[in-house]
Amino acid sequence: MAEQGFTPPTSEWYHPAPELVANANVPNYEEVCAQARQDPQAFWAERAETLSWYKKWDTVLDDSNAPFYKWFVGGKTNMVLNALDRHVSGEKRNKLAFIWEGEDGAEVTLSYWRLWQEVNKFANVLRGLGVQKGDRVTIYMGRVPEIVIAMLACAKVGAPHSVVYGGFSEQALASRIEDAQSKVLLTCDGAWLRGKIVPLKDTVDEACSRSDIVKDVIVVKRTGQAINMQAGRDHWYHELMALPHAKPEAETEIMDAEDPLFILYTSGTTGKPKGVLHTHGGYQVYTSTTLSWAFDIKEEDRWWCAADPGWITGHSYIVYAPLILGATSILYEGAPTFPEPDRWWQLVAKYGISILYTAPTAIRGLMRFGEDYPDRHDLSSLRLLGSVGEPINPEAWRWYHRVIGKERCPIIDTWWQTETGGFMITPLPSVALKPGSATRPFPGIEVDIVDEDGNPVGVNEDGDLVIKTPWPSMIRTVYGDDERFISQYWQKYAAQGWYLAGDTARRDEDGYLWVIGRNDDVLKVSGYRLGTAEVESGLVSHSAVAESAVIGIPDELRGNVIYAYCILVAGAEGSDELEAELKAHVRHEVGPIAVPKQIEFVESLPKTRSGKIMRRVLKAQALGQPLGDLSTLED
Ligand code: WT7
């Protein structure tokens, strides 16, 4: 069942200004699509030609072992070759790569040259700790410049990084460390959020105490409070960076196009998170092309992707693609509403931000405070706006368009996933918009909406969103679990060889695509992706809970909120105190984003005869909707 529900206003059009279209990096969407369709491999090869390679590829696409597709086979490269190395010998050398602002107002700027040096130094530090090509490094940090440096340094030495979002708690961190078997971990003493310290290092200590996998912990000093430093295991970042071997030059590891660049864990239909694997070659080609064409990045732009580097949005569009394009990015540490609800608008005015890319939940959150806050600031530098993470409801779209974009800025609503690596359905600036629709596929991407048998559904009918042909930044596998990769994404439409996105969508009378929401046991809460199973296993790990089921209920601000149903163990009694205790328990085990809004204590749960919990029945009941087909219900 789709998680979100609104009726799309399919006839409301917004047309881009003619100057914007004329000056766009891609002025004609249809033309480029036709070109891509005619010869997809030649199309992607041409895009790959815009990058540097140590050695060019022999084969653009190897589909001989589908769905284990390989791109740019035989090519030699490294993400850092294109993101940094090639810039420092050219005209970008002194351009700003990042402007960072701390929540406390601290500022750091990094030119390409300076960033390159810092990355080299840290690459030497990693090598000094014995990190080699292929070793996994876990990164669990706040939004500080060092997270970018760390990710790039890992790429430079060929060590796939596994970034775990700083909002996750110890169990989530521990299970990701274990799955990746990473011996080295990077963290901060703490992170600033709403004027308070998030004690990251304490969480690291707890997570590390659950196994003896991690041998070295590197700690960036950000907040300065007293923390435990374990002798022999823990090192201060600034001390390592001051060692003689931390020189500002370092060799970039020569990687195969198909060598892993990173693992990023995301939620799926079971409790165990999936390590989505991306590689050096195809991912560079696809992320840089999509950013350049959808957001029309120009030399003088100031690009702000307001996501966290810990999510795919941050990997692709804070760290990697903007650097490949030689853009200047803003990175802001803290909360949008701190100290006042105009912090973001202040940042736009202060840095002359020209493109802002954020999530519907953030827009709705800021919309609540009214128009006065944005109106206090000069937002005239903005020329494009973006949205990602969940369907944007038309009210939020219109507010964003009118109040922030002053009706001048197109809203680039990008549909994609951790697994896709880059934008899949998105307007280019030349495409006419409808609020709430991500419009049409990116050039070179073939999607359809189909029924259970794979037949295309009719106009405005719901179906499975599928991707019909491979693309360069597609997920290569689930780390260490090829079977899960196949069963999750390729099994349902194996006969056709299509990728199953896990979303329900429809296509309107103009061919515009409307993504409605997830149709598996995955929830979108404030744009974050959470498996029902993760929250449920968090709940049952409490001694009072025997069994639980969670569902997503539509919410104006968060898109969805979590409702949980718990069966207690014999002798335990449901109460307000226990509800509060269980919420605190989930916060500690899984993280703040997983905390249920409401917990109901029940005697039984609706199940199929084979024992699967029927969450759709719980949801229909919670929403007062018809319960639907109950023929498979056990009781
Ligand atoms: C799921 C993927 C892609 C980066 C952030 C999320 C939903 C994402 C949109 C959009 C409607 C969207 C889908 C998708 N989603 N963007 N523009 N319109 N839905 O990545 O955590 O892997 O989640 O987010 O349901 O499957 P993710």
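Author: Let's begin with Pro339, which lies in the loop between strand S17 (328-332) and helix H12. Helices (H or I, at least four residues) and strands (E, at least two) are DSSP runs, numbered from the N terminus. Before we go on, please keep in mind that this is a predicted model: local features need pLDDT of at least 70, side-chain atom pairs count only at pLDDT 80 or more, and totals for chains, interfaces and linings use all residues. Residues are numbered from 1 along each chain as its sequence is written, and side-chain values use heavy atoms, with hydrogens and water left out.

The peptide bond that joins Phe338 and Pro339 is cis, with omega at about 0 degrees. Follow the chain onward and you reach helix H12 (residues 343-351), where Arg343, Trp344, Trp345, Leu347, Val348 and Tyr351 are buried. Buried here means under 20% relative accessible area, exposed over 50%, and partly exposed in between (1.4 Å probe, protein chains only). Just after H12 comes Gly352, with a positive phi of about 60 degrees.

A cis bond turns up elsewhere too: one joins Ala66 and Pro67, with omega at about 5 degrees. Pro67 belongs to the loop between strand S1 (59-62) and strand S2 (70-73). Strand S2 holds Phe72, which has a positive phi of about 55 degrees although it is not a glycine. Phe72 is also buried, its relative accessible area being 0%.

In this part of the sequence you also meet Phe68 and Tyr69, which ring pairs link with Trp471, Phe485, Tyr489, Trp490 and Tyr499 into a cluster. Rings of Phe, Tyr and Trp (its six-membered ring) pair if their centres lie within 6.5 Å; planes under 30 degrees apart count as stacked, over 60 as edge-to-face and the rest as tilted. Across the whole structure, a search finds 40 aromatic pairs. One of them is formed by Trp311 and Tyr528: their ring centres are 5.1 Å apart and the planes meet at 35 degrees, so this pair is tilted. It ties together distant parts of the chain, 217 residues apart, with Trp311 in the loop between strand S16 (302-305) and helix H11 (312-324) and Tyr528 in strand S26 (residues 528-531). Trp311 is buried at 18% relative accessible area, while Tyr528 is partly exposed at 22%.

On the way into S26, Ser526 is found in the loop between strand S25 (522-525) and S26. Ser526 has a positive phi of about 50 degrees although it is not a glycine, and it is buried, with a relative accessible area of 19%.

Now to strand S23 (residues 499-507). Eight of its nine residues are buried, so this strand is largely enclosed by the rest of the structure. Two strands pair if DSSP finds at least two bridges between them. S23 pairs with strand S22 (residues 463-467) in the antiparallel sense over four bridges; there, Gly463 has Ala505 of S23 as its bridge partner. S23 also pairs with strand S24 (residues 513-518), again antiparallel, over five bridges, and Arg507 has Leu513 of S24 as its partner. The hairpin of S23 and S24 has five residues between the strands, and in it Gly511 takes a positive phi near 80 degrees.

Two charged side chains deserve a look as well. The charged end of Arg93 sits over the ring of Trp113, 4.2 Å from its centre, and Lys434 lies over the face of Trp13, at 4.5 Å from the ring centre. For this, NZ of Lys or CZ of Arg must be within 6 Å of the ring centre and within 35 degrees of the ring normal.

Finally, step back to see the chain as a whole. Its secondary structure comes to 19 helices and 29 strands, and buried residues make up 62% of the 635 residues. The C-alpha atoms fill a box of roughly 70 × 60 × 60 Å, taken along the principal axes. As one example of distance, the C-alpha atoms of Ala17 and Ala544 are separated by 60 Å and lie 527 residues apart along the chain. Ala17, in the segment before helix H1 (18-23), is partly exposed, with a relative accessible area of 31%.
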